[in-house]
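Hi,

Here is the model I promised to pass on to you. Could you have a look at it and keep it open while you read my notes?

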Amino acid sequence: MKFLHTLSKGGLLVAFLLLCNFAMAQRTIKGTVTDGETGDALIGASVSVVGTTRGTATDINGAYTIEVPAGSSQIRIAYTGYAEQVLTLGASNTVDVAMKSDAVLEEVVVIGYGAVKKSDATGSVSSVTEKDFNRGNVVAPEQLIQGRAPGVVITNSSGEPGAGINVRIRGTSSVRAGNNPLFVVDGVPLSGAETSGGSDLKGFGSQAARNPLNFLNPADIASIDILKDASATAIYGSRGANGVVIITTKSGQSGKGLLEYGYTLGVSKIAKKYDVLDARGFKAAWQELNPGADIDEVDFGGDTDWQDEITQTAMSHNHNLSFGGGGQGGNYRFSLGYLDQEGIIIQSGIKRLSGRFNGSKSFMDNKLKIATNFTVSNTKDAGAPISEAAGFEGDAWANALKGNPTWPTYNGDGTVFQSGKNGEPSPLAMIEYTDDQTNTIRALGNINAELSITKNLTFKTVLGTDQSISSRKNAMSKDLNAGQANFGLGRLYVTDIEASNKLWENYFTYNKSFGKVDFTGLAGYSYQELNYARKRNQYSKFGTSDLGLMVNNSSTAGVSTIVNSENYTDELQSYFGRINFGISDKYLLTATLRADGSTKFGGDNKYGYFPSAALKWRVSQESFCPDVFTDLGVRLGYGVTGNQEIGHNLYLQRQRYSDGDINNEGNVVSGSIRNVAFQNEALKWETTTQLNFGIDWAVWSGRLSGTIDLYKKNTIDMLVKKYAAQPAPNDFVWANLEDSDIENRGLELGLNLVAVDKAKFDWRILGNIAFNKNEVKALSTTLNTGRIHGQGLSEAYAQRIAQGQALFAFFVRDFSGYDASGNQTYVNDLDAQVFVGKSPIPKVTAGLTNQFQFGNLDASIFFTGQWGHYVYNNTANALFTKGALGGGRNVTTDVVSSAESRNNAPDVSSRFLEKGDFLRLQDITLGYNLPIKSKNISSLRIFANGQNLMLFTDYSGLDPEVNVNKQIDDIPSLGIDYNAYPRSRTFSIGANVTF
């Protein structure tokens, strides 16, 4: 091998020449590690060879010596409280390192129209970056932070891929307007409207829309910042009452272009099944309840586990490819993603193809910067016939639970067995003869320009757009001979939605230091136009049984009708400002004001004004602060925010056609025009005020750090539908209840601990816990919600909103047991519904992560849990009673031995109210960075992951973390479980490679 040419400066070192000549030789690197500002030696700093398990630690003088094997060219230096450095070795064998404190390169949090160092944030902000995201099969961005931030409760409506998700920040505050936070993606606030339609299955109930954030590829996300208190969210004014979630996507990094590819293969199975009777047990139990009856009434000769028949081992494939880089003048990043995830119920799943480009370029000696962020995706959802409101005919999952286990799966001629004598379809027939497909194309992006007018003054303009087109087609074949509304006719429901969101924002930012005073001022204008169009059609009397032909060619139907349609535009015009003062880097002040004008509200209240102020004292900067504190800051904030997530044009008297329909005979029933509401020009925003006190702290050079927040949040002017005494020209009027007040009070704790920080072993612990108390402090009326479904449960409900109770408090008959005859008895012999002191809102939520690094091996273990709340088991109420068993439906094994009589009515009672407490081992990930000696591959990581591995709970249903929407009159419910799509347990393997 030839020697390298001599370097122009620094000379040649003998060891370097030997390394080049003898590939197997080792290289000895020596040096010292010091504080970059003070020059003090750093004792115990970790020094390791990248791509190997070799490592050491600095001694009392900050010195180190490490052997670098052939083929390795980088060393990593890490020390708690300092920014980690990875250095590429040059000719010299002496490498001295000056470490930069994290105070210089500390974490930055995005706060809306800007970003600040975390230590300078005056509001309550939780930031989760990519290294702390949840792993495994993650479809939507909310799942990345589930259980990761204190006070943020994220609940899946079910286990279906792409199903809706409820996000609650510091409790639930509204009964009519939306309770989800405002999502802002790369500076563009999303509308919050559904981008795909719900659907109806005639006779089998309705189905919810998919999660509108499914279009975002989680692999493109760099960080998620959660603004929680009003001092942080008031900059978003009328949309900040429920918190703000700011999603920032990845950008290209300085340096040569990097090509990255990642692949994950997942395998999922149902996590838990109901313990229902098998054929033998079912026949024996039925015979016991029906002595003398002919067993042939219910015995069809089969022995079928219907849960097994309609579930599967589901496979998922996730591919992500990106290329990005950058330099002084700008950066760029392209990415492509493809997700194909099967559901654990056959024929269900989600497929998504997504593309993204993020780029920026500077001009005019870096005075002008133009940047863009753009993503487009095509999401295809395949649904199973599982509904939120199934009646006595059931749906696919309900019928898998109550279906007669003696039914065969197939007839002798090979066709699917459809139903027994009670006319209820087999779950396999429901899946075989239905087809539910949703296709959503969505594009989100912005282009922005930032001009440095002077050294201290910048101007930024942002043009943003969010466009989506969706079509959901749900068909039932005429060959499905169960269900009186469908047999011989066939049904097709089509819901088309087009949503458009256009944004134009302009704002000035002024930064100036006046001696020891740092000042930042922000002033801006925003205009947003939101258009929403939806059309629903229904078709019947099909001449074909081919589901594919029905879905793709509705002209094969003999009759059709427009169910209903809507097309409206809402506008939001805003002026906003913020000032920040920092005095001696010790005393920080933030004040904001936003004025929002919305077309959603009456002429008397078109504009709302939302102020906030926050103070922070950085005690750690004071001379009297003990040296043990690396950081100590005290925060106090107060602000007012609004909630405008209501329907369009509620304040005007208006007329509307009721829904058209096709009846059970296949004839069109037209809607009729009717008055909708009284006029109310005084209609205005729901308003939330919030007071927050917080402490940010870190000790022992940052090895132990955390946050403490106390808050009190009150929501007033509740928006409700007030009914008029009849007779009256209209049934109701939309109004604000001026005497209403919903309060959330709580405590949040976040903790980060570097338990071990050695050259060859690193152990970090991240924990959070939050306590919340919810109460309706004032309300002059009562509102019922929580519809309960099932045979004999028409018009039943289980929740009431009333003064002195928690929001969505359970309102049921107070069950006490059974009498000698097996009849239900109630407390104080009262069978009326009463408050039983139980709420669906968790009082305590927590998350705990342990992260380990051992050389090239890394591992992460994540637990999450919720406590202090209850779940209403509508599934058991509707299906698992002796009355159901006596009528020929299957039940769980515990029903057979219960003391109840088969004559009991399926009352809504505390008998079906169960504790929802749980602790879940949500995620275990094990990864390994392979030592790479290739010129073409710079890194290769392989990993294995398990999700939803263990669940510790006393809840008798499948999973207490569930929320099926059981609203009444548009008032949402919370904490009700009804035939929810079951959760899966998933194991994944994959690899990430960088070229």
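Residues are numbered from 1 along each chain as its sequence is written, and side-chain values use heavy atoms, with hydrogens and water left out.

The average pLDDT (the predictor's confidence in each residue, from 0 to 100) is 88 for the protein, and 95% of the residues score at least 70. Over residues 1-24, however, the pLDDT is below 50, and this stretch has 23 contacts (heavy atoms within 4.5 Å) in the model beyond near neighbours in sequence. Where pLDDT is low, the predicted coordinates should not be read in detail.

Now the strands. Helices (H or I, at least four residues) and strands (E, at least two) are DSSP runs, numbered from the N terminus, and two strands pair if DSSP finds at least two bridges between them. Strand β24 (residues 434-452) runs antiparallel to strand β25 (residues 457-476) over 19 bridges, and a hairpin of four residues joins the two. Leu444 has Asp466 in β25 as its bridge partner. Strand β25 is also joined to strand β26 (residues 491-514), antiparallel again, by 20 bridges; here Leu457 is partnered by Tyr510 in β26.

Elsewhere, strand β11 (residues 152-156) and β12 run antiparallel, joined by five bridges, with Ile154 opposite Val167 in β12. Why is strand β12 largely enclosed by the rest of the structure? Because five of the five residues in β12 (residues 165-169) are buried, where buried means under 20% relative accessible area, exposed over 50%, and partly exposed in between (1.4 Å probe, protein chains only). Ile165, Val167 and Ile169 point one way from β12, while Asn166 and Arg168 point the other way.

On to the cores. A nonpolar core is a set of buried Ala, Val, Leu, Ile, Met, Phe, Trp, Tyr and Cys residues joined through side-chain atoms within 4.5 Å. The largest has 59 residues, of which Trp397, Ile788, Tyr872, Phe880 and Val908 touch the most other members. Helix α5 (residues 396-402) gives this core its largest share, five residues. A second, separate core has 25 residues, including Ile165, Leu190, Leu213 and Ile224.

Ser909 lies in the loop between α10 (893-896) and β49 (913-915) and is buried, at 0% relative accessible area. Beyond residues up to four places away in sequence, Ser909 touches Val812, Arg813, Phe815, Tyr826 and Tyr872. Phe601 is in the loop between β29 (587-598) and β30 (607-618) and also counts as buried, with 0% relative accessibility. The C-alpha atoms of Phe601 and Glu681 are separated by 7.5 Å, although the two are 80 residues apart along the chain.

Last, a charge sits over a ring if NZ of Lys or CZ of Arg is within 6 Å of the ring centre and within 35 degrees of the ring normal. Arg148 lies over the face of Phe862, 3.9 Å from the ring centre, and the charged end of Arg800 sits over the ring of Phe811, 4.0 Å from its centre.

Best wishes
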